[in-house]
Amino acid sequence: VKPQVSGEQLKQKYCIAIDDLEKKYRDGKISKRKAYQKLSIILRRFVFELTGVKVHNYTLNEINRLNMPRLSEVIDQCYEPEFSADKDGDLYDTVNKARMVIKEWH
């Protein structure tokens, strides 16, 4: 039997994952594109682990229909830089928004 993890423990776990990702990017260990891909995965796993909704399998349009506007906004910011090598985004801004989605999740 898997022990229950509290929402606060999950928030902490995923904020640490975001901190680690940001450090790897800052230290030049991963590309911006890879960082966006990983950030999207971290956020999707957080939502899945907390809600059971399999957003890790969802397209952006499907996420938009979930009525989770803050999640949609961050995933949307990840989308173009994640899939298109010539699209650039402000990774640090997106990272901070992802942290806020996690910290403010109810």
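1. **One face of α5.** In this predicted model, Leu 91, Thr 94, Val 95, Ala 98, Arg 99, Val 101 and Ile 102 are the buried residues of α5. Buried means under 20% relative accessible area, exposed means over 50%, and partly exposed lies in between, using a 1.4 Å probe and protein chains only. These residues cover an arc of only 160° around the axis, which puts them on the same side of α5. The arc is that of the directions from the helix axis to the C-beta atoms. An α-helix has 3.6 residues a turn, so residues three or four places apart point the same way.

2. **Ground rules.** Residues are numbered from 1 along each chain as its sequence is written, and side-chain values use heavy atoms, with hydrogens and water left out. The model is predicted, so local features need pLDDT of at least 70 and side-chain atom pairs count only at pLDDT 80 or more, while totals for chains, interfaces and linings use all residues.

3. **The overall plan.** The protein has 5 helices and 0 strands. Its elements run α-α-α-α-α from the N terminus on. Helices (H or I, at least four residues) and strands (E, at least two) are DSSP runs, numbered from the N terminus. Of the 106 residues, 35% are buried. Among contacts with a separation of 6 or more, 64% join residues 24 or more positions apart. Contact means heavy atoms within 4.5 Å.

4. **Length of α5.** α5 has 13 residues. From first C-alpha to last, α5 reaches 18 Å, close to the 18 Å expected at 1.5 Å a residue. The expected span is 1.5 Å times one less than the number of residues.

5. **Thr 94, a residue of α5.** Thr 94 sits in helix α5. Thr 94 is buried, with a relative accessible area of 2%. Leaving out residues up to four places away in sequence, Thr 94 touches Tyr 36, Leu 39, Val 74, Gln 77 and Cys 78.

6. **Arg 99, a charged residue of α5.** Arg is classed as charged. Arg 99 also lies in helix α5. Is Arg 99 buried or exposed? At 10% relative accessibility, Arg 99 counts as buried. Arg 99 touches Cys 15, Ile 18, Asp 19 and Glu 22, again not counting residues up to four places away in sequence. The C-alpha atoms of Arg 99 and Ile 16 are separated by 9.5 Å, though the two are 83 residues apart along the chain.

7. **The faces of α1.** α1 has 20 residues and reaches 28 Å from its first C-alpha to its last, close to the 28 Å expected at 1.5 Å a residue. Its buried residues are Leu 10, Lys 11, Tyr 14, Cys 15, Ile 18, Leu 21, Glu 22 and Tyr 25. Seen down the axis of α1, they fall within an arc of 130°, so they line one face of the helix. What covers them includes α2 and α5. On the other side of α1, Glu 8 and Gln 12 are exposed. Just after α1, Gly 28 takes a positive phi of about 75°.

8. **α1 against α5.** How do α1 and α5 pack, and at what angle? The angle is about 170°, with the axes 9 Å apart. That makes α1 roughly antiparallel to α5. Angles under 35 degrees count as roughly parallel, over 145 as roughly antiparallel, 65 to 115 as roughly perpendicular and the rest as oblique. Axes are lines fitted to C-alpha atoms, for helices over the stretch in contact, and angles run from 0 to 180 degrees between N-to-C directions. By class, the contact of α1 with α5 has 9 nonpolar, no polar and 6 charged residues. Ala, Val, Leu, Ile, Met, Phe, Trp, Tyr, Cys and Pro count as nonpolar, Asp, Glu, Lys and Arg as charged, and the others, Gly among them, as polar.

9. **α2 and its neighbours.** Helix α1 (residues 7-26) and α2 pack at about 175°, with axes 10 Å apart. That makes α1 roughly antiparallel to α2. The contact of α1 with α2 divides into 11 nonpolar, 1 polar and 6 charged residues. The axes of α2 (residues 32-51) and α5 (residues 91-103) come within 11 Å and cross at roughly 5°. α2 and α5 are therefore roughly parallel to each other. Their contact has 10 nonpolar, 1 polar and 1 charged residues.

10. **Asn 67, a loop residue.** Asn 67 lies in the loop between α3 (60-64) and α4 (69-83). Its phi is near 60°, a positive value in a residue other than glycine. At 67% relative accessibility, Asn 67 counts as exposed.
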